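Good morning, colleagues. Please take a moment with the model on the screen before I go through its pockets, cavities and aromatic contacts.

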Amino acid sequence: MTVQPENRSAPIVLVPGFWLGAWAWDEVADILRRDGHRVAALTLPGMDSDEGDRSGITFNDHVEAIAAAVRDAGEPAVLAVHSATGYSGYAASDRVADRIAAMVYVDTGPGIGAMDPEATEDKALPSPEDLANEENLTGLSEEQLATMRERAVSVPVNVLREGAELTNDARKDIPSAMICTGYTVQEYKEAVQEGYGFLAGLKELRNVTWIDLPTSHWPKWSRPADLAEIIGRVATEHARQPAAQRA
């Protein structure tokens, strides 16, 4: 379904999780654009290549890159974050709350604090065996897993061990969709009560919608059409009339 002019949608910013660049969103982004949505996918600082000195890349660099992409959208955008970028995405929502029409958390949540304050080195993609033990790989093909392994980039250590101070209460009122893929909605809600840091922001958010999408931790590959449909629906539901048209 193509989004017609009278049925506007908010621009969409897509942020990949650990080890990935903008390329990881290609299939979802193509579907969204075909349906008439405006889409920007990010490769975060230091995540384009393992080569060169990345010791100066910080968590704040990632937060600012996301915030800049939201500002560049030109009007309040839907910010979709996957996996570990729930942390940097939530921190960005604190800085540009007025520029975000809605948040979409893809198999992640609004993280608070540092992901790994004791980290001493960059985080590489785990071995195939460890990855299978740590994450849900349901529906992923061997080709997709091989591509991820071939293109994966280690996460700079400072991104792991740093956090951000959250000071803007407006972030708590941003409509937020939790797309639960590797675990069910019920399992996520139980994890919130158990105090997991990557879900800590859910205790302060005031407008949360829960969505079950049973599949892998990487639904952008295992169920791209369904994921695109959900993100596109959020973008349509939360479109805001540009200021020039309101005047």
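Let me begin with a question: is Arg54 buried or exposed? Arg54 is buried, with a relative accessible area of 10%; by the convention used here, buried means under 20% relative accessible area, exposed over 50%, and partly exposed in between, with a 1.4 Å probe and protein chains only.

Two remarks on provenance. This is a predicted model, in which local features need pLDDT of at least 70 and side-chain atom pairs count only at pLDDT 80 or more, while totals for chains, interfaces and linings use all residues. Residues are numbered from 1 along each chain as its sequence is written, and side-chain values use heavy atoms, with hydrogens and water left out.

To return to Arg54, its place is in the loop between strand S2 (39-41) and helix H2 (59-72). Helices (H or I, at least four residues) and strands (E, at least two) are DSSP runs, numbered from the N terminus. Leaving aside neighbours within four places in sequence, Arg54 is in contact, meaning heavy atoms within 4.5 Å, with Gly46, Met47, Ser49, Asp122, Val153, Ser154 and Pro156.

Not counting residues up to four places away in sequence, Leu14 touches Trp25, Ala29, Leu32, Val39, Ala40, Ala41, Leu42, Ala80 and Ile231.

I turn now to the open space. The largest pocket holds about 680 Å³. On a 1 Å grid over the protein atoms alone, a pocket is an open set of points with protein on both sides within 12 Å along at least five of seven lines, whereas a cavity is a set where a 1.4 Å probe fits but cannot get out; lining residues have an atom within 4 Å of a point. Grid points are joined across faces, edges and corners, and a volume is the space filled by probe spheres set on the points.

Ser83, in the loop between strand S3 (77-82) and H3, has a phi near 55 degrees, a positive value in a residue other than glycine. Asp107, in the loop between strand S4 (100-106) and helix H4 (128-134), likewise has a positive phi, near 50 degrees. Ser83 is buried at 17% relative accessible area, and Asp107 is buried at 5%.

About 100 Å³ lies in the largest cavity, and of its 16 lining residues the closest to the centre are Phe18, Leu44, His62, Thr85 and Val159. H3 gives the most to that lining, with three residues. The lining comprises 12 nonpolar, four polar and no charged residues. The second largest cavity, of about 40 Å³, is lined by Phe59, Tyr87, Ala91, Gly111, Ile112, Gly113, Ala164 and Leu166.

Finally, the aromatic residues. The structure holds six aromatic pairs. Rings of Phe, Tyr and Trp (its six-membered ring) pair if their centres lie within 6.5 Å; planes under 30 degrees apart count as stacked, over 60 as edge-to-face and the rest as tilted. Trp23 and Trp221 are stacked, at 6.0 Å centre to centre with 15 degrees between the planes. This pair links distant parts of the chain, 198 residues apart: Trp23 is in the loop between strand S1 (12-15) and helix H1 (26-34), and Trp221 is in helix H8 (residues 219-222). Trp23 is buried at 16% relative accessibility, and Trp221 at 11%. The ring centres of Trp218 and Trp221 are 6.5 Å apart and their planes are at 15 degrees, so that pair is stacked. Trp218 is buried too, with a relative accessible area of 2%.

Elsewhere, ring pairs link Tyr183, Tyr188, Tyr196 and Phe198 into a cluster.

How values were computed:
Nonpolar A, V, L, I, M, F, W, Y, C, P; charged D, E, K, R; others polar.
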